[in-house]
Every structure is written in C-alpha cells, then in structure tokens.
Amino acid sequence: MYRGTVDGLYRWPVKSLRGERVPAALLDHRGLAGDRAYALIDERPNHAGSRLTVRQSPGMLAWEASYPATCDGSPEPPGPPVLYSAGGAAWAWDDPELPAALSESYGIPLSMRAADGQQDRGPTVLVTFEASRRALEAELGAEVDLLRFRPNVHLDLDAPVFAEESFGEGTVITVGEAVLEVTGDHSGPCIRCAVPSWDPHGRERWPQLQRHLIVEHDNTFGVIMRVTGPGVVRVGDTATIG
C-alpha cells in the first residue's frame, strides 16, 4: 500500500480554457463537479458542431474560467462560471456579448454550450503524481509546470516514480471521502496529446516535452480514473493506493 496526501485539486470549468485551483471538490458520477461543464463550439463550416480545443486554437489558454465563490465553501459550483480575457476583463457566461468577444479573440466563429461531462474520456478525473512530475523535470533538465497536464487531483505519495504507468484495471485510489478506480472503460494511463507542449497560457510551445514522453513514457503522464465511491476531497486529505 502506498500512502500520502492530496497536494492539489484543479477544476477546469470551460473545456480548454485555464481553470482554477480549489481547496475542496466533490467527486461523483460526473467526475469532478463543475469540471469541463461548459464548452465553446466551433462554428466554421468544416468544423460546425465540434468542441473547440487548444489543439485547434492555442490562444484559448489566454482566457481563464472560474466559478464564483460559495459563501459556505461548498465544493458544488453555484452556477455558471465567469470568464476572464487575456486583458483581465470579466465576462459572465450568459453575457450576450461574450460569444462575439471570444470569436474576435480567437479569430474563429463560435457558440457556447453547457453540459456536464465534456471530458475527452467521459466523466472521469485525471490524477497526477508529484514524484513523477519531479522525475520528469530531472529527465528533461528543466522545470515542468504541472498545469501543462490539466489534472484534477494531484497526489504526493510514497509510490515509486511513474508507478502510475503500470496501473491496470482494478487499481483503486482512496482520496478523502472518494474512491477512484481504473475500470478499463476509457480509464488507465493517460495518453497525452500535444496540449502539454504549450505553456499554461498558450504563449510558447515546447515540443521536446511531448517527444520525451513518447520515447520514454509511451506518451503517457498521469492516470484517468472513474469515481466509484463519491465524496468530498480536500487538499491535505489522506490518499492511499491498494
């Protein structure tokens, strides 16, 4: 059995925009409550209806999304997020002028959609490990910002570095009140696209990072897991594997 603590919790309200670090999160059948519950839809003629992502528009990372704080500290989002432009202007999700502002910023006609569970692998959570992040830095000889990988739950455990690369069906992690499991259904070691090669603000690309992951780690970092036991998780909570 490996033990440690929850080092960080991250929620990404709008798919492919920057998100927020939170002190507590509700994990349930949706994955992490409020995670990727909103998306921007590409309305170009040859892309109509598809979700716009960093892969098509790295400039999306210049915008940030976060939910208004709840008075009682509840981990359940209280309503739609607020979006912040690269210049710091705040926009309510239901502002009728927001689609035009986003379209102008990205140079792409778009619409907006609200729906839970818009992760690429369904309503799951991405778990990353601090020991593996530090080991990746050592391998590359450079700082690796965790936010490149857009995790939900970041753990600091006594497990060996990159142990998650061998997590197969039946692997269980208990975090706070919640239970996570590799079920074999769109879960397991997370195969990475090109998004982590962009810095978290979408300003500069570091292709060496993805090349290194492909050669040394089968292009994986972190593990996709299903929530099989719902519950609230807080930063500092105990985490165990096994």
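Analyst: Keep in mind that this is a predicted model. Let us start with one residue. S66 sits in strand 7, which spans residues 64-66.

User: Is S66 buried or exposed?

Analyst: Look at the relative accessible area. Buried means under 20%. S66 has 13% relative accessibility, so S66 counts as buried.

User: Which residues does S66 touch, leaving out those up to four places away in sequence?

Analyst: The contacts are P13, E20, P81, V82 and Y84.

User: Now a glycine. Where is G87, and is G87 buried or exposed?

Analyst: G87 lies in the loop between strand 8 (82-84) and strand 9 (90-92). Exposed means over 50% relative accessible area. G87 has 76%, so G87 is exposed.

User: How far apart are G87 and A62, in sequence and in space?

Analyst: They are 25 residues apart in sequence. From C-alpha to C-alpha, G87 and A62 are 8.9 Å apart.

User: Let us turn to helices. How should I think about their sides?

Analyst: An α-helix has 3.6 residues a turn, so residues three or four places apart point the same way. Now take helix 1, residues 98-106. Its buried residues are L98, A101, L102, S103 and Y106.

User: What covers the buried residues of helix 1?

Analyst: The cover includes strand 5 (38-42), strand 8, strand 9 and strand 10 (110-114). After helix 1 comes G107, with a positive phi near 70 degrees.

User: How many residues of helix 2 are buried?

Analyst: Helix 2 covers residues 130-140, and eight of its eleven residues are buried. Therefore helix 2 is largely enclosed by the rest of the structure. The buried ones are E130, A131, S132, R133, A135, L136, E137 and L140.

User: What covers those buried residues of helix 2?

Analyst: Strand 11 (125-129), strand 12 (153-157), helix 3 (207-217) and strand 16 (220-229) are among the cover. Just after helix 2, G141 has a positive phi of about 65 degrees.

User: Last, charges. Which residues form a negative surface patch?

Analyst: E139, E165, E216 and D218 form one. Take D218 from that patch. D218 is in the loop between helix 3 and strand 16.

User: Is D218 buried or exposed?

Analyst: Use the cut-off again: exposed is over 50%. D218 has 66% relative accessibility, so D218 counts as exposed.

How values were computed
Residues numbered from 1 in each chain as written. Predicted model: local features only at pLDDT ≥ 70, side-chain atom pairs only at ≥ 80, totals over all residues. Heavy atoms only, no water. Helix = DSSP H or I, 4+ residues; strand = E, 2+ residues; numbered from the N terminus. Buried < 20%, exposed > 50% of the residue type's maximum accessible area, 1.4 Å probe, protein only. Contact = heavy atoms within 4.5 Å. Patch = residues over 30% accessible without salt bridge, like charges linked within 9 Å, V, L, I, M, F, W, Y side chains within 5 Å. Areas by Shrake-Rupley, 256 points an atom, 1.4 Å probe, with all protein chains shown as cover. Salt bridge = Lys/Arg side-chain N within 4 Å of Asp/Glu carboxyl O. Lys, Arg positive; Asp, Glu negative; His and termini not counted. Charge placed at Lys NZ, Arg CZ, Asp CG, Glu CD.
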